[in-house]
Amino acid sequence: MTELDLQLKNDFENLPEDFWDFKKATTRDLTHGLHYYPATMVYPISQNILKIVQEHTEINSLMDPFMGSGTVIVEGMLGGIHELYGTDLNPLAVLMSKVKTTKLSEQQIAYIQNDHKNLLITLSEKINKVADEFDNYIQTDLKLDITAKAEWGNSADKYIKQYFENKNKTFNFQSFTNLGFWFTPRVIILLQTIKNAIKKIDDLCIKDFLLIAFSETVRTVSNTRNSEFKLFRMRPDKVATFRPDVFEEYFKILDRNISKMQDFVSACKSNSQLHINFDDTRILNTIPDDSIDLVITSPPYGDSRTTVAYGQFSRLSLQWLDLDYTTQQDVINIDKNLLGGKPYIHKEQWSFLGSNTLVDTLERISDKDPFRADDVFSFYVDLDKCLYSITKKMKTKSYQFWVVGNRTVKLEKLFTDKIIAEMAVKYGLTHLFSFGRNILNKVMPSLNSPTNEKGLRVKTMTTETVVVLKKE
Ligand SMILES: C[S@@+](CC[C@H](N)C(=O)[O-])C[C@H]1O[C@@H](n2cnc3c(N)ncnc32)[C@H](O)[C@@H]1O
C-alpha cells in the first residue's frame with residue numbers, strides 16, 4: 001500500500017461506527033428529488049466518499065457506470081468535479097440523470113411557470129370535458145367494463161381511434177400493448193394532451209425537464225398501486241372509481257421539481273463537463289480508456305427480474321415517453337438486458353471468474369436447485385465483464401468504490417463484496433479495504449421468501465458494504 005492508500009484507509013476506518021448510516025438524512029434534496037427510482041443510493045454516501053478522497057488527492061474525472069437516477073453524478077457536480085461520466089442501460093435512468101444535472105436558467109423556468117402552465121390551464125376545461133365525454137362513450141354508450149383485460153384493457157387504441165373518427169377529428173395518441181389495462185379512458189385523453197403540449201417545445205432542456213414531471217405523473221395516474229416499484233394493478237373496484245385530476249397531479253409535480261431545480265442551481269456553482277449516456281457497462285463504448293480518476297457506484301443486486309425490477313418500474317413511463325433512442329420492444333425487455341437478465345448454463349466455467357467464495361456458494365445453491373445456481377452465476381459473469389470494462393476506463397493508481405448488498409438465494413448468502421474483491425484481482429486491481437453500513441430507509445422489501453415456501457421468511461439485505469479497489 002502507498003502512503004496515500006494508507007491515509008485513505010485510515011480516514012475511512014476511523015469514522016464513528018454509524019457514520020455511513022445517515023439516519024437523519026433526507027434523500028430528496030435538490031434535484032435528487034425530481035423523480036423516484038428503485039434502489040437509489042442515499043446521496044450522503046457518495047458526497048462523503050468524494051469529500052474524503054478529495055482531501056487527499058485531486059479528482060478531475062468521476063464515473064458512475066450504473067448511474068440509475070444520477071445520484072453520484074449530481075454529487076459530482078456539487079463537488080466541483082470537472083468531468084463526469086454516467087451510463088445506464090435503462091433509458092428512463094438516462095433521461096432522469098440528464099435532467100437532474102442540467103441547470104435551467106431563470107428564463108427557462110419562467111417559460112415553464114408562465115407560458116407552458118398557462119397553455120395547459122387554458123386547455124384544461126375544454127379537454128376535461130372531452131375526456132368525460134369519451135369516458136361516457138366507453139362506459140355508457142358501449143357499456144365496456146374498463147376494469148376488464150379484454151376489450152377496453154387490450155384494445156383501447158381501437159376505441160379511441162373509432163371515437164375521434166366518428167367525430168371527424170384527429171387525436172394523435174401513444175398506443176402500446178395493454179394501454180387500457182393500465183389507464184382509464186379519461187386519463188389517456190388528459191395525459192396525451194399534456195404530452196402533445198410538451199412535444200411542441202423546441203428547447204430540449206425544457207422539454208426533458210417537463211418529460212420527467214410527465215413521467216412521474218404517468219405513474220401516479222395509472223392503475224398501478226403506487227406503493228410498489230413493480231407493476232401491480234389496483235383491485236378492479238378501485239380502478240372503476242379511480243378519477244385522478246391529471247392536470248393537477250402534473251402541476252403539483254412540476255411545481256415541486258421547479259423548486260428543487262432552483263435549489264440545485266443556487267447550490268451548484270461549478271460547470272462540469274457531463275457525459276451521460278445510454279450504454280452497457282459490460283462494454284462502455286462511450287467512455288475513453290485510461291481517463292477516469294474515481295468510480296463511485298452501486299451495481300444492481302442481481303435480481304432485476306424479480307425483486308428490484310428497474311424495467312418494470314420504468315415501463316409505463318417509457319411507453320408513454322416513446323424516446324427516440326428506444327423502441328417499444330426494448331422497453332419490454334429492459335430487465336432481460338440488465339446484468340444477469342439472461343441465464344448461462346456452463347457449470348464448468350464457475351471457477352473461471354477467479355472467486356472461490358462464488359464457487360463454494362454456487363455449489364451449495366446447486367445442491368438445492370441447479371437452475372437457480374446457473375441463474376446466479378449468469379449475474380456474476382456479467383458483473384465480471386463490468387469489472388473488466390470499468391477498469392479499462394480507469395487511470396492507473398485510481399480508486400473504485402463499489403456499494404454492494406449481499407442478497408440471499410435458497411437461504412445461501414451471496415457475499416458479493418468478497419466475490420467482487422476476488423474477481424477483481426485478475427484485472428490488476430487490489431482490494432484495499434471495505435466498510436459497512438446499515439440500510440435504514442431503502443424502499444425495498446426487507447423480508448421475502450426465497451424458497452417460495454409459504455410462511456418461511458428470511459431477512460434480506462439490511463446492510464451494505466462499500467468495497468474499495470485500486471488499479472495498480
Ligand atoms: C442499484 S441501481 C443504481 C442506482 C443509483 N446509484 C441511484 O442512486 O439511482 C443499478 C442500476 O444499474 C443499471 N444496470 C443494470 N445492468 C446494467 C448494464 N448492463 N449496463 C448499464 N447499466 C445497468 C440499472 O438499470 C440500474 O439503474
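Two strands are said to pair if DSSP finds at least two bridges between them. In this predicted model, that rule applies to strand E1 (residues 61-64) and strand E4 (residues 292-297), which run parallel and are joined by two bridges, and within this pair Met63 stands opposite Val295 in E4.

- Seven strands make up an open sheet with mixed pairing, and their order is E3-E2-E1-E4-E5-E11-E8.
- Strand E3 (273-278) and strand E8 (429-438) each have a single partner strand and stand at the edges, so one side of each has no neighbour in the sheet.
- From one strand to the next, the twist averages 15 degrees.
- Helix H1 (residues 3-13) packs on the sheet, where it touches strand E5 (394-405), E8 and strand E11 (463-471), and the direction of H1 makes about 10 degrees with that of E8.
- Helix H16 (residues 370-393) also packs on the sheet, touching E1, E4, E5, E8 and E11, while its direction makes about 145 degrees with that of E5.

**Helices H2 and H3**

- The axes of helix H2 (residues 43-56) and helix H3 (residues 71-78) come within 9 Å and cross at roughly 45 degrees, which means that H2 is oblique to H3.
- H2 passes H3 in a right-handed crossing, with Tyr43, Ser46, Gln47 and Leu50 of H2 and Thr71, Val72, Glu75 and Gly76 of H3 making the contact.
- Sorted by class, this contact of H2 with H3 has three nonpolar, four polar and one charged residues.

- H3 is mostly covered, since seven of its eight residues are buried, among them Ile73, Val74 and Met77.
- Just after H3, Gly80 takes a positive phi of about 75 degrees.

Terms used
Residues numbered from 1 in each chain as written. Predicted model: local features only at pLDDT ≥ 70, side-chain atom pairs only at ≥ 80, totals over all residues. Heavy atoms only, no water. Axes fitted to C-alpha atoms, helices over the stretch in contact; angles between N-to-C directions. Helix = DSSP H or I, 4+ residues; strand = E, 2+ residues; numbered from the N terminus. Parallel < 35°, antiparallel > 145°, perpendicular 65-115°, else oblique. Left-handed = near helix turned anticlockwise from the far one by under 90°. Contact = heavy atoms within 4.5 Å. Nonpolar A, V, L, I, M, F, W, Y, C, P; charged D, E, K, R; others polar. Buried < 20%, exposed > 50% of the residue type's maximum accessible area, 1.4 Å probe, protein only.
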